[in-house]
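Look at the model below.

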Amino acid sequence: MHANEAVVVEDSFNGIRAGLDAGCYVIAYRGTEIKQDTSGAHETVESYRDLDVKKLRESNWRFR
């Protein structure tokens, strides 16, 4: 698997930055009590239930 085929779900600024720097698609998780800056992620979810795997499979999110 290449980084451009991976999805990272992260709740911290540093984790989001690491995923982006690696070339991954990054989803910010904001469901924790401690809120951090998640503005750099490609998308944000409030609950793991909001993760739509079918949508990810059907979309062409891979970076080229």
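Q: In which element is confidence lowest, and in which is it highest?
A: Confidence is lowest in H2, at a mean of 80, and highest in H1, at 96. The score is pLDDT, the predictor's confidence in each residue, from 0 to 100. Helices (H or I, at least four residues) and strands (E, at least two) are DSSP runs, numbered from the N terminus. This is a predicted model, where local features need pLDDT of at least 70, side-chain atom pairs count only at 80 or more, and totals for chains, interfaces and linings use all residues. Residues are numbered from 1 along each chain as its sequence is written, and side-chain values use heavy atoms, without hydrogens and water.

Q: What makes S2 and S3 a pair?
A: Strands pair if DSSP finds at least two bridges between them. Three bridges join S2 (residues 25-29) to S3, so the pair meets the definition. The two run parallel. Ala28 stands opposite Thr44 in S3.

Q: What is the strand order of the open sheet?
A: The order is S1-S2-S3, with parallel pairing.

Q: Why is one side of S1 and of S3 left without a neighbour in the sheet?
A: S1 (7-10) and S3 stand at the edges, so each has a single partner strand.

Q: What does H1 touch in the sheet?
A: Helix H1 (residues 13-22) packs on the sheet and touches S1 and S2. Contact means heavy atoms within 4.5 Å.

How values were computed:
Axes are lines fitted to C-alpha atoms, for helices over the stretch in contact, and angles run from 0 to 180 degrees between N-to-C directions.
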